[in-house]
Structures are given as structure tokens and as C-alpha cells.
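Please consult both while working through the points.

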Amino acid sequence: MSSVLDVQLFMSVFVTLFVIMDPPGTVPLFLALTGSMTRHQRVRAARQAILVAFGVIVGFALFGQSLLNYLHVSVEALQGAGGLLLLLVAMELLTGKMDTNEGYEGTQGNVALVPLGTPLLAGPGAIVATMVYVQQSTEPSDWVALGLGIVLVHVCLWLSMRFAGSIHRVLKDSGTMLVSRIAGLLLAAIAVQLLADAVVTFAREI
């Protein structure tokens, strides 16, 4: 089995990405961003977000370091940009701009792509962790373990969002609005932490 799959590396990849991408924690954020959608639109948004997140993670796993080097962009700069984008989304959640369809007609797919697919799911933390594991992978069994870990984490993410609709039916509109405000506050804290970490790293380099 070890010649086909590095079990230790697989467990490390799965646990690390599961903690960073946090499938249970995506439920309130997903409800907040898709609260004005129909059930069909919510299912489609979940599918699109997972595909985008998976594509981003795999893309950076294969070409991430080369791309950042070519653009002369550091990982910290990527982290800071992600933090700014998340902060803008958090402000919209806190002010209620996402509670209705006003200004968002026909944009449900865009919400699923950005900010849900990236940087909420495939954020700087998940991207950096994946790139680190890629650098550690040298044998075919390592690549199998890395790929399987990434796929299973995204399956967990899809399941958490797929059944978020059931939670929405229980909470109703008023409960979803409350969840949106709480999610906005938590998301703002995550965004500030990303920015703070990026600033601290820049300061240490200087």
C-alpha cells in the first residue's frame, strides 16, 4: 500500500487542508452569500464554487511557484490581496447589501466564483499549504497522496454546502439574516488577520 499511497502524507494533507478550508465553517458564509438565491441557484453556486476552488488549488500546485516568480509577486502579497477582497465582502455582509437581489441580478454565478470559490475556499492559506506539500513530493506515491487528499477535502466542502439549503429552510429568512451578520463579523476578523500576517512578514523582511 505504501508503494502506491503514502498514508502519512495523505493524512497530513487532508487534515491540514480540512482545517484551513474548514468545511463546517463555510456553511454560514455560504448561506450569507446565497441567501437571496433559489434552491436550484444555491446548488449550482455550490458546484461552481467547488470547481473554482479545486481548479485554483490544482493550478497553484502545478504552476503556482513559477507564476509568482514570473510576476515577481510574493506569497505575502497574495495573502494581503486576499485579505482586502475578503474585507470588502465582509462589509457588504455587515451592511446588508447581500440580503436582497438588488444590484446582484444575474450575478449568482459571479458570487460563486468570487469571493466564494476564491479566496474564501481556495484562499492564501490553502494555496501556500498545497505549494509546500508539492515541494515535499518526490515519489509517485507522494503525488497520489497529495491528489487524494485535495479531492477528499473538496468532497467535504461540497457536502457542507450541498446540505446548507436544508439549514436555510430551518432558519428561514430572519435566521439567515442573523447568520449573515455573524458571518460578516467573522469574515472581517479573518480578513484583518490575513492583512496583519502579511504586514508582519513584510516588516520582518525589511
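The model is predicted. Its largest nonpolar core contains 52 residues, and its aromatic pairs number 2. Helix α8 bends by about 105° at Lys172.

**Nonpolar core**

- Within the largest nonpolar core, the residues that touch the most other members are Leu17, Leu121, Met161 and Leu187.
- Two or more residues of this core are supplied by each of α1, α2, α3, α4 (75-95), α5 (108-121), α6 (124-136), α7 (140-162) and α8.
- Helix α3 makes the largest contribution to the core, with 10 residues.
- Apart from neighbours within four places in sequence, Leu17 contacts Asp22, Ala126, Ala129, Thr130, Ile150 and Val153.
- As general background, nonpolar side chains tend to be buried together in soluble globular proteins.

- The structure has 2 aromatic pairs.
- Phe10 and Phe14 are 4 residues apart in helix α1 (residues 7-21), a separation of about one helical turn.
- The spacing of Phe14 and Phe18 is likewise 4 residues in helix α1, again about one helical turn.
- An α-helix has 3.6 residues a turn, so residues three or four places apart point the same way.
- Together, Phe10, Phe14 and Phe18 make up one aromatic cluster.
- Phe10 is buried, because its relative accessible area of 13% falls under 20%. Phe18, at 29% relative accessibility, is partly exposed.

- Helix α8 covers residues 164-205, and its end C-alpha atoms are only 42 Å apart.
- A straight helix of 42 residues would span 62 Å at 1.5 Å a residue.
- The bend of about 105° in α8 is located at Lys172.

- Gly35 lies in the loop that runs between α2 (23-34) and α3 (39-71).
- With a relative accessible area of 23%, Gly35 is partly exposed.
- Setting aside residues up to four places away in sequence, Gly35 touches Arg42, His168 and Thr176.
- Gly35 and Asp173 are 138 residues apart along the chain, and their C-alpha atoms are separated by 7.7 Å.

Definitions and conventions. Residues are numbered from 1 along each chain as its sequence is written. This is a predicted model: local features need pLDDT of at least 70, side-chain atom pairs count only at pLDDT 80 or more; totals for chains, interfaces and linings use all residues. Side-chain values use heavy atoms; hydrogens and water are left out. Buried means under 20% relative accessible area, exposed over 50%, partly exposed in between (1.4 Å probe, protein chains only). Contact means heavy atoms within 4.5 Å. Rings of Phe, Tyr and Trp (its six-membered ring) pair if their centres lie within 6.5 Å; planes under 30 degrees apart count as stacked, over 60 as edge-to-face and the rest as tilted. The expected span of a helix is 1.5 Å times one less than its number of residues. The bend at a residue is the angle between axes fitted to the seven residues ending there and the seven starting there. A nonpolar core is a set of buried Ala, Val, Leu, Ile, Met, Phe, Trp, Tyr and Cys residues joined through side-chain atoms within 4.5 Å.
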